[in-house]
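Please consult the display below before reading on.

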Amino acid sequence: MTISLPNLLTISRILAIPLIVVTFYIDGNTARWVGCVLFVLAAITDFFDGYFARRSNSVSSLGRFLDPIADKLLVSAVLLMLTAFDRLSLFSILPALIILLREIMVSGLREYLAELRIGMPVSRLAKWKTGIQMTALPTLMVGSAAPSWLPAEIVGEILLWGAAALTLVTGWDYLRAGLKHMQGNAP
């Protein structure tokens with residue numbers, strides 16, 4: 001079985017997760033920056049796997065299955081590690097929780113709608129949410145290792161709250177759309 005370039009990029013995103021997690025266990029600024037770079041590279045593969053799949057007309061079932069899982073695994077792992085290693089203020093654990101809960105809800109909703117053969121495309125606002133989230137997380141990963149002129153912890157937490165706000169809006173939009181299909185298929 002040959003693995004296409006888009007699927008290889010998606011798999012690389014999943015394989016990067018343990019390496020990113022390990023950086024949390026290593027003391028020092030270098031480990032924080034290495035984790036940040038690994039996260040950014042993994043996040044970039046999210047753009048390119050879809051781009052190459054559409055460009056080469058090689059969208060596969062494996063890719064459609066793995067891509068959203070890879071995204072959720074990457075984000076969830078980093079949010080949990082940031083929380084576990086006290087790199088989030090107590091106040092900012094709330095947006096992390098909102099993001100995690102929305103991801104679980106949307107995954108369940110997509111699974112249910114897939115049984116009905118109904119697709120749920122990603123909205124433009126959800127793409128903005130992802131962009132802000134993928135900027136907040138590496139900023140928080142670097143945290144106190146950032147240059148003194150950059151208040152990375154504050155900037156990261158503000159971005160995380162922004163991503164959480166968009167998470168609530170997009171989560172509500174997806175839930176509302178899903179409920180219409182659920183009510184239409186009730187016995």
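Visitor: In which helix is Thr139 found?
Guide: This is a predicted model, in which local features need pLDDT of at least 70 and side-chain atom pairs count only at pLDDT 80 or more, while totals for chains, interfaces and linings use all residues. Residues are numbered from 1 along each chain as its sequence is written, and side-chain values use heavy atoms, with hydrogens and water left out. Helices are DSSP runs of H or I with at least four residues, strands are runs of E with at least two, and both are numbered from the N terminus. On that basis, Thr139 belongs to residues 124–142, helix α5.

Visitor: Is Thr139 buried or exposed?
Guide: A residue is buried under 20% relative accessible area, exposed over 50%, and partly exposed in between, with a 1.4 Å probe and protein chains only. Thr139 has a relative accessible area of 17%, so Thr139 is buried.

Visitor: With which residues is Thr139 in contact, leaving aside its neighbours within four places in sequence?
Guide: Contact means heavy atoms within 4.5 Å. Under that criterion, the partners of Thr139 beyond those neighbours are Ala152, Val155 and Gly156.

Visitor: Where in α1 does a kink lie?
Guide: The bend at a residue is the angle between axes fitted to the seven residues ending there and the seven starting there. In α1 the kink is about 25° and comes shortly before the proline Pro18, at Ala16.

Visitor: Against which helices do the buried residues of α1 pack?
Guide: The buried residues of α1 include Leu9, Arg13, Ala16, Ile17 and Ile20. The buried residues of this helix pack against α2 (29–55), α3 (61–84) and α5.

Visitor: Is Leu38 buried or partly exposed?
Guide: Leu38 lies in helix α2. Leaving aside its neighbours within four places in sequence, Leu38 is in contact with Leu19, Ile20 and Thr23. Its relative accessibility is 22%, so Leu38 counts as partly exposed.

Visitor: How far apart in space are Pro147 and Lys129, C-alpha to C-alpha?
Guide: Pro147 is found in the loop between α5 and α6 (152–184), whereas Lys129 is among the buried residues of α5. The two residues are 18 apart in sequence, and their C-alpha atoms are separated by 26 Å.

Visitor: What radius of gyration does the chain have?
Guide: The radius of gyration is taken over C-alpha atoms, and the globule rule is 2.2 Å times the number of residues to the power 0.38. With 187 residues, a compact globule would have a value near 16 Å, which agrees with that of the chain, 17 Å.
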